[in-house]
Amino acid sequence: MRCTFGFYYPTICCSLVCHCCRRLNNIDNFGHFKLWHAGGSILVAVSFSSVFGGCLPCKIYGVSSSLLQTIGYSIFASIFNMGWAATQVSHMSMVNCITLNPTSRVALASCRNAFTMVANLSLYAVALVVFSIYGAKASANIKIQYRWIAYFSIFLGFCFVGIFLIGTKEPELKIQIKLERPTKIAWSHWFRKILYYQVAVVYVLIRLVTNVSQALLAFYVIDDLQMSPSSKAVVPGIIYICSFITSVILQEMRWSGWRLKIFFTAGAIVWIFCGVGIFILPSNMHNLMYILSVAIGIANALMMVTGISLQSILVGQDLNGCAFVYGSLGFLEKLSCGIALYVLESYQDPDRSAGPLSMRRGFSVNRYGLGLVPASCALLSAFVTYSMDLPRGRSRPLIEPLLV
């Protein structure tokens with residue numbers, strides 16, 4: 001569990017640096033989205049391969065110590081998150097600069113979420129191929145397996161990044177907006193909007209729901225429900241498939257402010273029921289977890305797509321500052337997730353051979369963390385979303401349907 005959460009610790013520090021740099025609206029004012037996306041992808045590939053390639057400072061100095069390992073992995077994890085922030089913010093900002101049609105923006109956000117699920121499922125396919133070709137039982141050989149999984153994933157990711165950079169044009173809408181409104185948007189402009197704080201709270205809560213549940217899911221199904229080891233892959237796979245199907249369906253709908261509220265609230269309500277079910281589910285009825293996985297996948301898609309679309313409503317036509325919005329909200333969610341996962345980990349026993357420390361104390365942090373934390377965040381986010389004063393325009397159809 002420490003491996004799962006450890007990547008979030010350097011995230012807090014490095015995100016503070018890279019997102020404070022974006023306070024100067026670097027992505028908004030300098031260069032093109034594709035250049036930032038390409039540069040961030042290179043940093044991600046180099047740092048991610050270095051993390052799985054072993055402790056570089058240990059190899060340089062010829063000494064293996066916990067201090068050098070901490071320094072080495074923290075440096076590359078920080079580089080990874082800086083690159084990921086540049087890639088993510090530039091890619092999400094392109095959605096608003098492609099079109100001003102609210103329905104089209106939601107469709108693009110749902111399409112983005114759908115392909116995120118495809119990427120997650122592709123990782124399972126890569127792992128299956130590696131495990132079938134390279135059988136291993138010893139600890140050293142298992143490390144080699146995961147190293148090859150990382151290398152193959154990086155290679156596939158670079159292939160699709162190349163397709164994206166070659167096949168996608170830089171949005172012309174932002175250039176037009178800059179010509180019409182040459183004045184730069186200061187970061188203080190967003191802090192004067194109540195909607196900014198509301199959207200920030202909702203986005204942080206959504207990320208807490210998805211990240212906390214994703215981090216604790218494998219431990220819950222194995223330690224608490226006593227399910228088979230294969231369930232660590234089957235249960236998340238069901239969630240990804242259902243999220244993909246839901247995202248595809250959301251692409252073809254007409255959207256307005258009140259519809260975003262309704263669908264977001266629906267997803268939050270589904271997650272609340274799922275959280276309660278996870279909290280009270282006994283181990284002798286663990287097969288019901290597969291049904292809950294279907295509901296979780298649907299809820300995740302509903303909340304994520306509509307939550308990101310709320311950011312598009314916040315941006316509106318202020319395209320000269322959209323990168324700052326996504327960058328600042330990204331910093332807040334990384335900080336919040338890092339703190340939440342750190343607190344949850346503090347209740348875990350490093351020596352898992354004797355059973356989880358939390359269970360020996362009379363409660364399961366996996367059950368509380370996976371059941372109550374996401375459900376509480378979903379409930380609070382629904383109330384905040386309901387309080388938003390969104391534009392009351394009529395829903396507009398897509399200029400061109402994505403599914404033909």
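Helix H12 (residues 231-250) has 20 residues. From first C-alpha to last, H12 reaches 28 Å, close to the 28 Å expected at 1.5 Å a residue; that expected span is 1.5 Å times one less than the number of residues. Helices here are DSSP runs (H or I, at least four residues), numbered from the N terminus. This is a predicted model, where local features need pLDDT of at least 70, side-chain atom pairs count only at pLDDT 80 or more, and totals for chains, interfaces and linings use all residues. Residues are numbered from 1 along each chain as its sequence is written, and side-chain values use heavy atoms, with hydrogens and water left out.

**Around H12**
- The buried residues of H12 include Val235, Pro236, Ile239, Tyr240 and Leu250. Buried means under 20% relative accessible area, exposed over 50%, and partly exposed in between (1.4 Å probe, protein chains only).
- Ser231, Gly237, Cys242, Ser243, Thr246 and Ser247 are also among the buried residues of H12.
- The cover over these buried residues includes H7, helix H11 (194-224), helix H13 (257-280) and helix H14 (288-315).

**Surface patch**
- Phe52, Phe131, Ile142 and Tyr146 make a nonpolar surface patch of about 330 Å². Patch residues have over 30% relative accessible area and no salt bridge; nonpolar side chains (Val, Leu, Ile, Met, Phe, Trp, Tyr) are joined within 5 Å, like charges within 9 Å.
- Phe131 is found in helix H7 (residues 102-133).
- Phe131 counts as partly exposed because its relative accessibility is 35%.

**Salt bridges**
- The count comes to two salt bridges, each a side-chain nitrogen of Lys or Arg within 4 Å of a carboxyl oxygen of Asp or Glu.
- Asp318 pairs with Lys193 in a salt bridge, their closest N and O atoms being 3.5 Å apart. The pair links distant parts of the chain, 125 residues apart. Asp318 lies in the loop between H14 and helix H15 (322-345), Lys193 in the loop between helix H10 (188-191) and H11.
- Asp318 counts as buried because its relative accessibility is 19%. Lys193, at 26%, counts as partly exposed.
- Lys334 forms a salt bridge with Glu333, the closest N and O atoms again 3.5 Å apart. Both Lys334 and Glu333 are buried.

**Confidence**
- The chain has a mean pLDDT of 82, and 81% of its residues reach 70 or more. pLDDT is the predictor's confidence in each residue, from 0 to 100.
- Over residues 1-24 the pLDDT is below 50, and this stretch has 58 contacts beyond near neighbours in sequence. Contact means heavy atoms within 4.5 Å.
- Residues 353-362 also stay under 50, with 18 contacts beyond four places in sequence.

Terms used
Accessible areas come from the Shrake-Rupley method with a 1.4 Å probe; for residues, only the protein chains shown count as cover. Helices (H or I, at least four residues) and strands (E, at least two) are DSSP runs, numbered from the N terminus.
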